[in-house]
Amino acid sequence: MVLGMDILISGASVAGPSLALWLQRYGHHVTVVEKAPALRGGGYAVDFRGRVHMETLGRMGLRDSLEARATHMGDIAIVDAAGTQVAALPSAIFSGDLEVLRGDLADVLYAATREHVRYRFGDQITAIAQDERGVDVTFAEAPPQRFDLVVGADGVHSGVRRLVFGDDPAHTKPLGVYGGIFTMPGTMGLVRSGFMYNEPNRAVSVMSPHGGDQIVSMSFAEPGLRFDYRDVDQQRRIIAERFAGVGWRTPELLEAMERAEDFWFDSTTQIRLDRWSHGRVVLLGDAGFAGGPGGNGTGLAVVGAHVLAGELDAARGDHRAAFERYERLMRPYVATCQKQADGSPDFLVPSTEKKIAQRNRFFKTVRYLPPARRMFKYLATRTATAFDLPSYELPELVGR
Ligand SMILES: Cc1cc2nc3c(=O)[nH]c(=O)nc-3n(C[C@H](O)[C@H](O)[C@H](O)COP(=O)(O)OP(=O)(O)OC[C@H]3O[C@@H](n4cnc5c(N)ncnc54)[C@H](O)[C@@H]3O)c2cc1C
């Protein structure tokens, strides 16, 4: 093992801290730079499903702390405009084997790494220049610094991807669905449960895994919407406009959105690149291979972090060999997950009343037909398990 490489990771959400956890255990010096001024809370629930995800979390030593924060969500009631339940989304299918709020996951990862990893919040990379022996990085705030490797784990709008791989529109495949997510004080008496309401091309869902606060998600389908991913006021306006006149309890949710501090908005976009590395720079998680809803994005980020760190260790720090193997191993897995996510808009935001009714009928049937339920669960887990997790020499879990 080559000890003590200086490695810079951009992005402190899921992929970045997951990789940091492994790299510091393998003996590297890790810095994580995050654009946000502090660890970002918020987000809906993300889930892990099947043996590959669960084995990876186990090897990371995080199973217990994540289980302690698990949502244990029940079914989500699909309601009509009057609030009457018409069907239910079964939790066994949609919450996977372990579901946590994205903010809780980021929290657990940060807590597990902060002691040994240098986190630098409120800063970002502005330039990257690499040569045979290292990478010179310029930051918006901190003085320039040289690293052995740089990892872009900075999400769908990755700054590292833009700087190193260019701003090619071919890298992004928007699925035509946009969503805003925020937390508000509970008003619907939900505990480990939720509601979902649809109108054509619109979906509103509310859930509360622990009682108290409820998390609201508003998604809409629209081809080719342009928005500035840095302009949160504009994003709130977009949601307010698209959901004006939508029924059920949408008006009160829109009011709460205006006050929400953790409002998050994004397009559901897949990232597709011919290569994930360029010299000493490599992409991980959504920055390199975002899948979109149902594409196991969080699982891919966590498994990808394990594989990338494991391959670097196995290659004794030869980054070229490691990046090549990382990519060769992960690519088919990513492709399978992205393919599954391609169909998610039809399910999330059906485009007509007829399609909404068809979907609801399907879930009504699934609920009472155990074989259909099992079959659907199998399909929902199949892509997440479509990977042979390599056995790497695991570093000791020190002090955890
Ligand atoms: C606030 C938030 C809420 C989310 N909510 C949901 C959700 O409800 N459901 C869902 O399925 N997915 C959600 N996601 C996305 C989900 O976390 C990812 O799809 C998945 O977990 C992979 O994580 P990632 O770490 O690769 O990317 P992300 O989770 O997108 O994290 C990227 C990180 O990089 C930071 N960053 C961005 N640009 C830069 C830059 N130039 N320099 C430094 N840092 C930068 C971001 O602030 C963020 O912390 C959310 C992400 C965020 C940041």
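Predicted model: local features only at pLDDT ≥ 70, side-chain atom pairs only at ≥ 80, totals over all residues.
The division itself is as follows. Domain 1 is made of three segments, 6-71, 98-172 and 269-344. Domain 2 is made of 175-268 and 346-379. Between the C-alpha centres of the two domains the distance is 27 Å.

Now the protein as a whole. There are 14 helices and 18 strands. The C-alpha trace spans about 65 × 45 × 40 Å along the principal axes. For 400 residues, a compact globule would have a radius of gyration near 21 Å, and the protein has 21 Å, so the two agree. Buried residues make up 55% of the 400. If we take the contacts with a separation of 6 or more, 73% of them are between residues 24 or more positions apart.

Next, helix 2, residues 50-60. Why do I call this helix largely enclosed by the rest of the structure? Because 8 of its 11 residues are buried. Those buried residues are Gly50, Val52, His53, Met54, Thr56, Leu57, Arg59 and Met60. After helix 2 comes Gly61, with a positive phi near 75 degrees.

That brings me to backbone angles. Most residues other than glycine have a negative phi. Which way does His72 go, positive or negative? His72 is not a glycine, yet its phi is positive, at about 50 degrees. His72 sits in the loop between helix 3 (63-67) and strand 4. With a relative accessible area of 51%, against a cut-off of over 50%, His72 counts as exposed.

Asn296 is another non-glycine residue with a positive phi, in this case about 55 degrees. Its loop runs between helix 9 (286-289) and helix 10 (297-314). Is Asn296 buried or exposed? Asn296 is buried, at a relative accessible area of 11%.

Ile76 belongs to strand 4, residues 76-79. Its relative accessibility is 14%, and the limit for buried is under 20%, so Ile76 counts as buried. Which residues does Ile76 touch, once those up to four places away in sequence are set aside? They are Ala87, Ala88, Leu89, Gly194, Phe195 and Met196. Of these, take Ala88: 12 residues separate Ile76 and Ala88 in sequence, while their C-alpha atoms are 5.5 Å apart.

The other residue is Ser208, in strand 14, residues 202-208. Ser208 is buried, with a relative accessible area of 0%. Apart from neighbours within four places in sequence, Ser208 is in contact with Met73, Leu190, Val191, Arg192, Ser193, Asp213 and Gln214.

To recap, the domain centres are 27 Å apart, helix 2 is largely enclosed, and His72 and Asn296 are non-glycine residues with positive phi.

Terms used:
Residues numbered from 1 in each chain as written. Heavy atoms only, no water. Helix = DSSP H or I, 4+ residues; strand = E, 2+ residues; numbered from the N terminus. Rg over C-alpha atoms; globule rule 2.2 N^0.38 Å. Buried < 20%, exposed > 50% of the residue type's maximum accessible area, 1.4 Å probe, protein only. Contact = heavy atoms within 4.5 Å. Domains from an automatic or database assignment.
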